[in-house]
Amino acid sequence: MTINIHLNGRKRSFNIEPGESLADMLKRHHVWSVRKGCDTSSCGVCTVLLDDKPVLSCSLLAVQAEERHVTTVEGLPHEVEKISDAFGAEGADQCGYCNPGLALVIYALKKELSSPSDDDIKRYIIGNLCRCSGYIAQIKAIRRYLGDAQ
Ligand code: FES
Ligand code: FES
């Protein structure tokens, strides 16, 4: 079966397998930033934006993205560079495995909330597990990206 998806601003056709998840379809079509850590909706590393909202692509059928807008970090190079710089400045960057999914959640947070509290930030990133960081540096990096570094 073939479906059409607006991937990173470009309308593209993808062949999909029956029951295939969006994460598996994207990986099979060489969207290398999309990762999997659990396949059970627990870790957040497979996060992509679906019509600008963060979703777990391991838990979504590829067919559910038909004619919708899917964004991965490949589609947001300037924002991802800014997020990456903030993480580097705060020492929040370690192995990097969680970074693409986390970057998309942080980008969504910036678009959706004008002056988030620390609790708002925690609420947004609660589903994006990081096995390296203690999260404090991540929250500082997010604040830096949002423009309110101390
Ligand atoms: S791989 Fe999707 S939530 Fe872990
Ligand atoms: S930096 Fe290693 S899992 Fe987050």
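Colleague: How many helices and strands are there in the protein?
Modeller: In this predicted model, the protein has five helices and five strands. Read from the N terminus, the elements follow the order β-β-α-β-β-β-α-α-α-α.

Colleague: What makes the protein as compact as a globular protein of its length?
Modeller: The globule rule gives 15 Å for 150 residues, and the radius of gyration of the protein is 15 Å; the two values are close, so the protein is as compact as a globular protein of that length. Along the principal axes, the C-alpha trace spans about 50 × 25 × 25 Å. Of the 150 residues, 38% are buried.

Colleague: Why are β1 and β2 said to pair?
Modeller: Two strands pair if at least two bridges are found between them. Strand β2 (residues 10-15) and β1 have six bridges, so they pair, and the sense is antiparallel. Within this pairing, Ile 3 has Phe 14 in β2 as its bridge partner. The hairpin of β1 and β2 has two residues between the strands, and Asn 8 takes a positive phi near 50° there.

Colleague: How do you know that β1 also pairs with β5?
Modeller: The requirement is at least two bridges, and two bridges join β1 to β5, which therefore pair; they run parallel. His 6 has His 69 in β5 as its bridge partner.

Colleague: What is the sense of the pairing between β3 and β4?
Modeller: β3 and strand β4 (residues 53-56) pair in the antiparallel sense, over four bridges. Thr 47 stands opposite Leu 56 in β4. In the hairpin of β3 and β4, with two residues between the strands, Asp 51 has a positive phi near 50°.

Colleague: Which way do β3 and β5 run, and how many bridges join them?
Modeller: β3 and strand β5 (residues 69-71) run antiparallel and are joined by two bridges. Val 70 in β5 is the bridge partner of Leu 50.

Colleague: Which residues have the most contacts inside the largest nonpolar core?
Modeller: That core has 39 residues, and those with the most contacts inside it are Leu 22, Ile 83, Ala 103, Leu 104 and Ile 106. Two or more residues come from each of β1 (2-7), α1 (22-28), β3 (47-50), α2 (77-89), α3 (99-112), α4 (118-125) and α5 (136-146). The most is given by α3, with six residues. Both domain 1 (2-72) and domain 2 (76-146) supply at least three residues to this core. As a general matter, nonpolar side chains tend to be buried together in soluble globular proteins.

Colleague: How do you know that the span of α3 agrees with its number of residues?
Modeller: At 1.5 Å a residue, the 14 residues of α3 should span 20 Å; the end C-alpha atoms of α3 are 20 Å apart, so the span agrees.

Methods
Residues are numbered from 1 along each chain as its sequence is written. Chains are lettered from A and ligands numbered from 1 in the order in which they are written. This is a predicted model: local features need pLDDT of at least 70, side-chain atom pairs count only at pLDDT 80 or more; totals for chains, interfaces and linings use all residues. The radius of gyration is taken over C-alpha atoms; the globule rule is 2.2 Å times the number of residues to the power 0.38. A residue is buried if 20 or more other C-beta atoms lie within 10 Å of its own, exposed if 12 or fewer, and partly exposed in between; C-beta atoms are placed from the backbone. A nonpolar core is a set of buried Ala, Val, Leu, Ile, Met, Phe, Trp, Tyr and Cys residues joined through C-beta atoms within 7 Å. Domain bounds come from an automatic or database domain assignment. The expected span of a helix is 1.5 Å times one less than its number of residues.
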